Amino acid sequence: MPSIQEYQNLFLEYLESSLPNESPENLYEPARYILKLGGKRIRPILTLISTEIFNGKYKEALPAALAIEVFHNFSLVHDDIMDKAPLRRGKETVHEKWNINTAILSGDVMLIWSYELLQMYPPQISYSLIQMFSKIARKVCEGQQLDMDFPNQENVTIDQYMGMIENKTAVLIGCALCVGAIISKANENQIFEIYNIGLELGLAFQLQDDYLDVFGDTNKLGKLIGGDIIENKKTFLHLYAIENSSQKLKNEFIDWIKSSPIKPKEKILAVTSIYRSSGAEKAIKDKIEYFSKSVILKIDNLGLDSSKKELLHGFVNKLVNRDF
């Protein structure tokens with residue numbers, strides 16, 4: 001089997017050769033721009049790995065892997081508009097570099113392109129891919145709506161938050177693995193199991209993102225930490241602190257939530273201390289470990305040969321233990 005790096009290089013070559021070179025330029029250039037900004041390419045790599053572990057030919061999965069990555073980046077373009085985000089991966093967001101109308105339309109064409117890529121397969125495979133992909137795409141939209149609703153909701157629970165990140169983030173990682181299994185003509189049970197592996201991996205991945213935003217290293221992340229704290233974002237850490245702090249600590253936290261400090265660093269340091277004192281830091285690390293162990297156990301139960309199992313183990317450990 002190829003290494004993770006070899007899968008990534010293969011995908012990047014395919015991506016480069018597949019970028020649209022059509023007109024009008026203002027429709028397609030933003031799509032090329034966002035796809036070339038980089039990123040971890042987790043989803044397409046998982047699609048290639050899944051195809052291989054179920055005895056398919058991973059090169060045949062390249063169009064589907066690209067479909068997943070194009071859809072993911074389409075969602076980022078639209079998310080950035082809704083969040084009024086100025087930067088994506090350290091560069092200007094599409095709506096900032098061009099304008100909102102261009103960003104909306106370029107995102108739309110990326111969504112259409114992702115479906116066209118799935119239509120490149122034989123009819124029965126294509127039908128199964130599109131049927132599953134459409135269900136996941138709807139869930140991603142539902143997750144985004146929940147994420148937008150949360151700032152205006154006074155009482156958001158941890159369970160509600162977990163449901164939101166499951167739809168917004170985890171289901172597409174499950175989809176990436178599921179797509180490879182479908183292309184390889186895996187059986188229904190294998191498809192079901194690999195989707196659940198991806199789902200739990202996606203939850204661990206997002207929780208690790210939440211953790212790193214507060215407790216990460218600025219130099220390794222390439223961005224300032226504490227953004228979620230400044231925005232009063234209702235993450236796992238935030239919600240756990242609200243639900244589990246002493247009344248005194250909870251009141252202190254609420255005061256910081258209501259404040260708009262002149263010096264943001266002061267707020268970040270204070271809230272970070274509350275996350276530690278309330279047990280939120282430990283709780284999120286325990287949750288990440290729980291999902292990580294569950295994913296590893298599910299992989300072991302797939303009955304793969306050792307090389308395939310080790311490849312998946314390695315990739316999972318790399319994702320959930322990353323510090324960037």
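Modeller: A salt bridge here is a side-chain nitrogen of Lys or Arg within 4 Å of a carboxyl oxygen of Asp or Glu. Side chains of opposite charge can pair when their charged atoms come close. This is a predicted model, in which local features need pLDDT of at least 70, side-chain atom pairs count only at pLDDT 80 or more, and totals for chains, interfaces and linings use all residues. Residues are numbered from 1 along each chain as its sequence is written, and side-chain values use heavy atoms, with hydrogens and water left out.

Colleague: How many salt bridges does the structure hold?

Modeller: There are 11. One of them pairs E200 with K298, with 3.5 Å between the closest N and O atoms. The partners come from distant parts of the chain, 98 residues apart: E200 is in helix α9 (residues 188–215) and K298 in helix α15 (residues 280–300). Helices are DSSP runs of H or I, at least four residues long, and both helices and strands (E, at least two) are numbered from the N terminus.

Colleague: Is E200 buried or exposed?

Modeller: Buried means under 20% relative accessible area, exposed over 50%, and partly exposed in between, using a 1.4 Å probe and protein chains only. E200 has 14% and is therefore buried, while K298, at 23%, is partly exposed.

Colleague: Which residue forms a salt bridge with R322?

Modeller: D209 does, with the closest N and O atoms 2.3 Å apart. R322 lies in the segment after α16 (306–320) and D209 in helix α9, so the bridge ties together parts 113 residues apart in sequence. R322 is buried at 4% relative accessible area; D209 is partly exposed at 30%.

Colleague: How far apart in helix α15 are K282 and D286?

Modeller: They are 4 residues apart, which means a separation of about one helical turn. Their side chains form a salt bridge of 2.7 Å, N to O. K282 is exposed at 56% relative accessibility, and D286 is partly exposed at 35%.

Colleague: How do the axes of α9 and α16 cross?

Modeller: Axes are lines fitted to C-alpha atoms, for helices over the stretch in contact, and angles run from 0 to 180 degrees between N-to-C directions. The axes of α9 and α16 come within 9 Å and cross at roughly 30 degrees. That makes the two helices roughly parallel, a label for angles under 35 degrees; over 145 is roughly antiparallel, 65 to 115 roughly perpendicular, and the rest oblique.

Colleague: Which residues in α9 and α16 meet?

Modeller: Contact means heavy atoms within 4.5 Å. L201, A204, F205 and Q208 in α9 meet V316, L319 and V320 in α16.

Colleague: Which residues touch the most other members of the largest nonpolar core?

Modeller: Such a core is a set of buried Ala, Val, Leu, Ile, Met, Phe, Trp, Tyr and Cys residues joined through side-chain atoms within 4.5 Å. In the largest one, with 108 residues, they are I49, Y161, M162, L207 and Y275. Helix α8 (residues 158–183) gives the largest share, 17 residues. Beyond neighbours within four places in sequence, Y161 has contacts that include F150, L207 and K234.

Colleague: Where is F150 found?

Modeller: F150 is in the loop between α7 (123–149) and α8, and is buried at 4% relative accessibility. Outside four places in sequence, its contacts are V156, Q160, Y161, M164 and K234.
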